[in-house]
Amino acid sequence: MAGDKIVETTGLLGWMDRRFPVTATWKAHLSEYYAPKNFNFWYFFGSLALLVLVIQILTGIFLVMHYKPDAARAFESVEYIMREVPWGWLVRYMHSTGASMFFVVVYLHMLRGLFYGSYRKPRELVWIFGVAIFLCLMGEAFFGYLLPWGQMSFWGAQVIVNLFSAIPFIGPELSIWIRGDYVVSDATLNRFFSFHVIAIPLVLVGLVAAHLVALHEVGSNNPDGVEIKDGPKDKYGRPADGIPFHPFYTVHDIMGVAGFLIVFAAIVFFAPEMGGYFLEFNNFIPADALKTPPHIAPVWYFTPFYSMLRATTDEFTWVLAGAAVLGAIALFLRGGLKGIWRIVFPVVLIAVAVLLRSIDAKFWGVVAMGGAVVILFFLPWLDHSPVKSIRYRPTWHKCFYGVFIVNFLIMGYLGTQPPSDVFNLMSQAGTLIYLGFFFLMPVWSRIGTFKPVPTRVTFHAH
């Protein structure tokens, strides 16, 4: 659009436009999509996540050409790719490094959303799609983890699938159905392969498309949390605080891509195992159902949640039950609830306390691990702060975010270590901090002295 004049395309592009909205899509999502002009470093990670998705799909296609989803030949086929296929080692290391880097950029992308309130109205659906993408990534990584058919992938899959047996009534049958056998076997490998290569990638690509469409419908957030659509407009009705995504942010993102690829290449060529965190040393040993590794732990990006699983012991359920009872008493006496809700919520918490002591702790470990992810879906309704961005929140709010981040990193480290009494106690404290951050958010997020939010975005050229 030039002013108010609509420019008709001609030639081959015009022929395409009359049959498929090429130009309209380009304008809607790039050249005429107005994004806030104050994006900073944190806004690199969305485009980097899309880049890594493309890398994973392309390298995965080439790996599938040579991989054999057969328990007798899977490990050998991976070795064949590494040693005999031209540049096969590079493709395999790009794929394994890409898996870890995917979680690095996604965790940072989600952290930026947490900092700047990108889950708040009107972006609730954008956030929900994003958390669904995160869940799909976890499933994709888990199913792909078994495919090398090494010792750690074999026994890691055995441990994780056995967790489903803790579900009351249907657990044992469900774990057999997931494995396709009574133990991890060729049937398990085949179904994990089909999920990793076909089912989840299709869902993942669909969710990414939905995430982007929903984002461009409501517009991007910014570090100030100011809605540029509600601010002043120029004579053409365009946001005065916005700039076209293309060419400004495409160039901006290319700089981020260049920096990312330097780091990515350094890992691929010089440290693809990353000291055993990206590729465990036990996974270079063929799977042996008769020889269990001395210490089984998932890949680093699962370990914070794995720590929560291990932390939930029988003794810990007493602590959780006590917390539920105290919460019920507090809600009844001073919770600010009125009418029937003053009775309903405390009764629900008492019922939770009873269930915590009547069902096996292993089940509650699974619930804690899964709930730690599922609770992210409800974040838009847990945060009652009058401002979106961390910039305008009280200083002690920022300390809460800092404690949450450090706690998550410590939980990740604890999940990689063999269990011990001290580490188990630290994991239990970390689990309470993680869950308390979200469950108590409706209370602490509204407390404190908040700074006034500007009417327009604050921008300093750099």
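Reply: Happy to! Let's begin at Met274, which sits in the loop between H10 and helix H11 (303-311). Helices (H or I, at least four residues) and strands (E, at least two) are DSSP runs, numbered from the N terminus. This is a predicted model: local features need pLDDT of at least 70, side-chain atom pairs count only at pLDDT 80 or more, and totals for chains, interfaces and linings use all residues. Residues are numbered from 1 along each chain as its sequence is written, and side-chain values use heavy atoms, with hydrogens and water left out.

Me: What is the phi of Met274?
Reply: Phi is positive there, about 50°, although Met274 is not a glycine. Most residues other than glycine have a negative phi, and most peptide bonds are trans.

Me: And Phe169, what's its phi, and is Phe169 buried or exposed?
Reply: Phe169 has a positive phi too, near 75°. Phe169 is exposed, with a relative accessible area of 81%, while Met274 is partly exposed at 33%. Here buried means under 20% relative accessible area, exposed over 50%, and partly exposed in between (1.4 Å probe, protein chains only).

Me: Where is Asn221?
Reply: Look in the loop between helix H9 (186-218) and strand S2 (242-244). Asn221 is buried, with a relative accessible area of 3%.

Me: What does the side chain of Asn221 reach?
Reply: The backbone oxygen of Tyr116, at 2.8 Å. A polar contact of 3.2 Å also joins the side chains of Asn221 and Ser118. A polar contact is a pair of N or O atoms within 3.5 Å; within protein, one must be able to donate a hydrogen and the other to accept it, and residues adjacent in sequence count only if both atoms are side-chain atoms.

Me: Last one: how many aromatic pairs are there?
Reply: A search of the whole structure finds 45. Among them, Phe41 and Phe45 are edge-to-face, 5.3 Å centre to centre with 85° between the planes. Rings of Phe, Tyr and Trp (its six-membered ring) pair if their centres lie within 6.5 Å; planes under 30 degrees apart count as stacked, over 60 as edge-to-face and the rest as tilted.
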